[in-house]
Amino acid sequence: VLMPGETFSYNELIGETTPEKGYALANTYADNKIVPDYGGGICQVSTALYRAVMRANIRSVERTNHSMMVSYSEPSLDATVANGYIDYKFKNTYDSPIYIEAYVLSDNVTINIYGNLNEKGNRTYELVSEIHDTYKFDTEYEEDNTMKVGEEVVIRNGMNGHESSSYLVTYENGIEVNREKISTDYYAKSNKVIKRGTNNE
């Protein structure tokens, strides 16, 4: 439950993502590289929460996009976190409390925001993405003399980068009445890496 004027901190709630607390190794982003770390994957939940909160017409106090694209989100609709560095925060700007419900069922995360519908009125809100520019990834080759000439192994798949924006669209009685820009974000490209053989023997 978040009272009027209170600020929610994702990192404060989750705390340290250590193996002692049950967290496993999973992929995370660090310096525009994919590396395994404990707590990888918690950004899927913070992203789902961010979208649910925005659909409740509640703005962010702190929100940061990933350094590169993620498979589970369109550009500018994500919210990354890193304990001690990057947080996702929002403030209850309503005059009444809101109740946040989150649960996992069949590997799906569901987040519901409950509050006084009279304050919200007959309006609904949707966060949408718009891509302004795309940065195509390149292909890099690493030579390996333990592999025969002609042999190739893909070490890392490529990923395009983007410049994008998010907009909160307001609908009243199903008709769009407002479109507010929320953020403009940049996602770095990640080049494809192929290891190829140089051994002629």
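# Notebook: a look around a predicted chain

**Entry 1: G40.** I started with G40, which counts as buried because its relative accessibility is 19%, and buried here means under 20%. I am working from a predicted model, so I keep that in mind throughout. I found G40 in the loop between strand 3 (33–38) and helix 2. Which residues does G40 touch, once neighbours within four places in sequence are left aside? I looked them up, and they are A26, N27 and T28.

**Entry 2: the whole chain.** Next I stepped back to see the overall build. I counted three helices and 13 strands in the chain. Is the chain more spread out or less spread out than a compact globule? I compared the radius of gyration, 21 Å, with the 17 Å that the globule rule gives for 201 residues; the chain's value is well over the rule's, so the chain is more spread out than a compact globule. I also noted the span of the C-alpha trace along its principal axes, about 75 × 45 × 30 Å.

Then I looked at burial and surface. Of the 201 residues, 32% count as buried. The accessible surface comes to about 12,100 Å², and carbon and sulfur atoms hold 46% of it. Among contacts with a separation of 6 or more, 71% are between residues 24 or more positions apart. For charge, I noted 19 positive and 30 negative ones, with mean positions 3 Å apart.

**Entry 3: the nonpolar core.** The largest nonpolar core has 24 residues, and Y10, L49, I58, Y88 and F90 touch the most other members. Which elements give two or more residues to this core? I found helix 1 (10–14), helix 2 and strand 8 (123–135). Helix 2 gives the largest share, seven residues.

**Entry 4: Y167.** I moved on to strand 11, where Y167 is found. Is Y167 buried or exposed? I read a relative accessible area of 13%, so Y167 is buried. Not counting residues up to four places away in sequence, Y167 touches E126, L127, V128, E130 and H132, and also R179, E180, K181 and I182.

**Entry 5: two asparagines with positive phi.** I checked backbone angles next. Most residues other than glycine have a negative phi. Phi of N57 is near 65°, a positive value. I placed N57 in the loop between helix 2 (42–55) and strand 4 (60–62). Phi of N173 is positive too, near 55°. N173 lies in the loop between strand 11 (161–172) and strand 12 (175–187). Why does N173 count as exposed? Its relative accessibility is 60%, and exposed means over 50%.

**Entry 6: K21.** My last stop was K21, in the loop between helix 1 and strand 2 (25–30). I read a relative accessible area of 45% for K21, so this residue is partly exposed. K21 touches I14, G15 and E16, not counting residues up to four places away in sequence. How far apart in space are K21 and E172, C-alpha to C-alpha? I got 44 Å, for two residues that are 151 apart in sequence.

Conventions:
Residues numbered from 1 in each chain as written. Predicted model: local features only at pLDDT ≥ 70, side-chain atom pairs only at ≥ 80, totals over all residues. Heavy atoms only, no water. Helix = DSSP H or I, 4+ residues; strand = E, 2+ residues; numbered from the N terminus. Rg over C-alpha atoms; globule rule 2.2 N^0.38 Å. Buried < 20%, exposed > 50% of the residue type's maximum accessible area, 1.4 Å probe, protein only. Contact = heavy atoms within 4.5 Å. Areas by Shrake-Rupley, 256 points an atom, 1.4 Å probe, with all protein chains shown as cover. Lys, Arg positive; Asp, Glu negative; His and termini not counted. Charge placed at Lys NZ, Arg CZ, Asp CG, Glu CD. Core = buried A, V, L, I, M, F, W, Y, C linked by side-chain atoms within 4.5 Å.
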